[in-house]
Amino acid sequence: MNKKRRVMQRLIERDGRLQVAGMFTRAQDAIEQWRSCKADIVFLDIDMPGMTGLEAGERLVQLEPDVRIVYVTAEAAESPGWDARHYLLKPVDPERFSLTVTQLEQCRHERGSL
């Protein structure tokens, strides 16, 4: 497992509010796996081989409009054409990660699902 995925896995495990359903290098693999597990929160790196995280996010939202996408990026989330409501800048700050998870939980409660 590469360093970036290990860092994200540690952040998720330390926070304790989310469960890892899968970790992938290729966006296409993540989409195929998502079809079987239907995770409601997906962390996508913008820079992925084959298909960008942005493209993968668009496909996931087409499959399930309620899925929450969190983009992980080295760039500021001001790019036109993508919903940057939830994003994390690299290197991911643990406090920012925790705040993002709190915001995602609030979204779930507002939708009436957990």
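**Salt bridges, core and backbone of the predicted model**

The side chains of Lys90 and Asp45 meet in a salt bridge, with a distance of 2.7 Å from N to O, in a structure that is a predicted model. This pair links distant parts of the chain, since Lys90 belongs to the loop between β3 and α4 while Asp45 belongs to strand β1, and the two are 45 residues apart. Lys90 counts as partly exposed because its relative accessibility is 28%, whereas Asp45, at 18% relative accessibility, counts as buried because the cut-off for that class is under 20%. In general terms, side chains of opposite charge can pair when their charged atoms come close.

A search of the whole structure finds 4 salt bridges. One of them joins the side chains of Asp15 and Arg17, at 2.8 Å from N to O. Asp15 is partly exposed, with a relative accessible area of 22%, and Arg17 is likewise partly exposed, at 29% relative accessibility. Salt bridges that share partners bring Asp15, Arg17 and Glu105 together into one network. A further salt bridge is formed where the side chains of Asp29 and Arg26 meet, at 3.0 Å from N to O. In this pair Asp29 is partly exposed, with a relative accessible area of 27%, and Arg26 is also partly exposed, with a value of 41%.

The fold in which these pairs are set comprises 4 helices and 3 strands, which follow the pattern α-α-β-α-β-β-α when read along the sequence. Of the 114 residues in the protein, 32% are buried. In soluble globular proteins, nonpolar side chains tend to be buried together. In the present model, the largest nonpolar core has 13 residues, and those with the most contacts inside it are Val42, Leu44, Ala56, Leu60, Val67 and Ile69. At least two residues of this core are supplied by each of α2 (27–37), β1 (41–45), α3 (53–63) and β2 (68–73), and α2 gives the most, with 3 residues. Ala56, one of the core residues with the most contacts, lies in helix α3. This residue is classed as buried because its relative accessible area is 0%, where buried means under 20%. Ala56 and Asp45 are 11 residues apart in sequence, and their C-alpha atoms are 9.7 Å apart in space.

Two features of the backbone call for separate description. Most residues other than glycine have a negative phi, and most peptide bonds are trans. Lys38, although it is not a glycine, has a positive phi of about 55°. This residue is found in the loop between α2 and β1, and Lys38 is exposed because its relative accessible area, 51%, is over 50%. The peptide bond from Lys90 to Pro91 is cis, with omega near -10°. Pro91 lies in the loop between β3 (87–89) and α4 (94–111), and Lys90, in that loop as well, is the residue that pairs with Asp45 of strand β1.

Arg6 lies in helix α1, which covers residues 3–15. With a relative accessibility of 36%, Arg6 counts as partly exposed.

Technical notes. Residues are numbered from 1 along each chain as its sequence is written. This is a predicted model: local features need pLDDT of at least 70, side-chain atom pairs count only at pLDDT 80 or more; totals for chains, interfaces and linings use all residues. Side-chain values use heavy atoms; hydrogens and water are left out. Buried means under 20% relative accessible area, exposed over 50%, partly exposed in between (1.4 Å probe, protein chains only). A nonpolar core is a set of buried Ala, Val, Leu, Ile, Met, Phe, Trp, Tyr and Cys residues joined through side-chain atoms within 4.5 Å.
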